[in-house]
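Please brief me on this structure.

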Amino acid sequence: MSEKKTEAAIAKGSGNNGSNKKKIALICGIIAAIVVIAAVVLIVKNDVFSASNYSYLHYDKYITLPKYKGLEYKVDKVNVTDKEVKKEIDSRVQAAATTKAVKTGTVKKGDTVNISYVGTINGKKFDGGSANNTDLKIGSNTMIKGFESGLIGKKIGSKTTLNLIFPKNYGSDSSSKKLRGKKVKFVVTINSKSVTTVPKYDVAFIKANSKYTNKKDYETSVKKDLLKNKEQTAESNVKQKLWGQVINKAKVKKYPQKQLNYEVTTARKQYEDMAKKYYNMSLDDYIKQTGMTKKQFEKQLKSYSKSTVKQKLVMNAIAKKENIKVTDKEYKKYLKDMLKNAGMTESQFKSQYNMTIEEYGNNNNVKANLLYDKVLERIKKLGKKK
């Protein structure tokens, strides 16, 4: 196009400048809307087809469901004896016991004492050999031989020196092994000991720990609680037996790879967290402690994950056939009830567990567990009581 023609075209268009601007704005708006819709669709699609989701799968491709309707079951009869009522009351009385630290008296076997100690080998401190304000139950054998027995008879508030020897088989890690057979001196300060007071089972206890004012009504309520718990256990046992029948007869044609990989990864992460939290070691070290090779561990992990996938496939397949769902309303109510039963507010829960109740629900598959309960209830409802 020549410069003149271009200028003419521009001049021609200048008369409709406002109209053009509106068209451009409209087109830009449509494009922006399309981009937003595409992004939303992508997010939803990624969520729907995520590795943790089973509901979108075509179950006939992966499993053959067995007969789950009309299964026979028997509910065991339950009762509560006077002896069981007494045992439960004794347990509640013990649970109401109070403990306080005292700084008088002497150390006896069975006492829990609070101590501070410094351990030295050849006059030098060593890693793990010292502690401040730590509780120790005398007779628990959590310390090396001679440590706990050496405190028996000593006055609370006193300081004592224990000259001991580390056992020849002490520890399993490299740093602990270095201490084997070595002479050690512990200077121990006995700060206090715990004294527990168990309340007397009487009307005062009943009034303080229940809504009742006499033993007869209180013991009747205890009996009802125990009976209800036994009935719930019997009900749960029935459902588990029915579920066992269904799972044992269900046949897996093939495992959905995405879901299987997810379950393996999730299970491995749980083991890693457990090894770190409870044993302060890596997963590899934990595996060694169990006596398994890494290959054996991975095989066991995959077997467990396959079992998980199978159960989730069966659960979701039955839920789909029976149109069983967990609504958002039900789920939110369940989470609120969890907080209520725990006696906590949302802020208290977040402060203690460093996560919201919703995050807890997502991390612990609470919604899937609710669906599982509904499926089990439906199988029982469709069954035949003997």
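Thr120 sits in strand E4 (residues 112-121); helices (H or I, at least four residues) and strands (E, at least two) are DSSP runs, numbered from the N terminus. The model is predicted: local features need pLDDT of at least 70, side-chain atom pairs count only at pLDDT 80 or more, and totals for chains, interfaces and linings use all residues. Residues are numbered from 1 along each chain as its sequence is written, and side-chain values use heavy atoms, with hydrogens and water left out.

**Thr120**
- Thr120 has a relative accessible area of 15%, so it is buried (under 20% relative accessible area; exposed is over 50%, partly exposed in between; 1.4 Å probe, protein chains only).
- Beyond residues up to four places away in sequence, Thr120 touches Lys125, Phe126, Lys183, Val184 and Lys185 (contact means heavy atoms within 4.5 Å).

**Nonpolar cores**
- The largest nonpolar core holds 45 residues (a core is a set of buried Ala, Val, Leu, Ile, Met, Phe, Trp, Tyr and Cys residues joined through side-chain atoms within 4.5 Å).
- Helices H6, H7, H8, H9, H10 and H13 each give two or more residues to this core.
- H9 supplies the largest share, 9 residues.
- A second, separate core has 21 residues, including Leu136 and Leu162.

**Leu313 and Val314**
- Both are among the residues with the most contacts inside the largest core.
- Leaving aside neighbours within four places in sequence, Leu313 contacts residues including Tyr54, Tyr62 and Pro256.
- Val314 lies in helix H9 and is buried, at 0% relative accessibility.
- Val314 and Leu65 are 249 residues apart in sequence, yet 6.9 Å apart in space, C-alpha to C-alpha.
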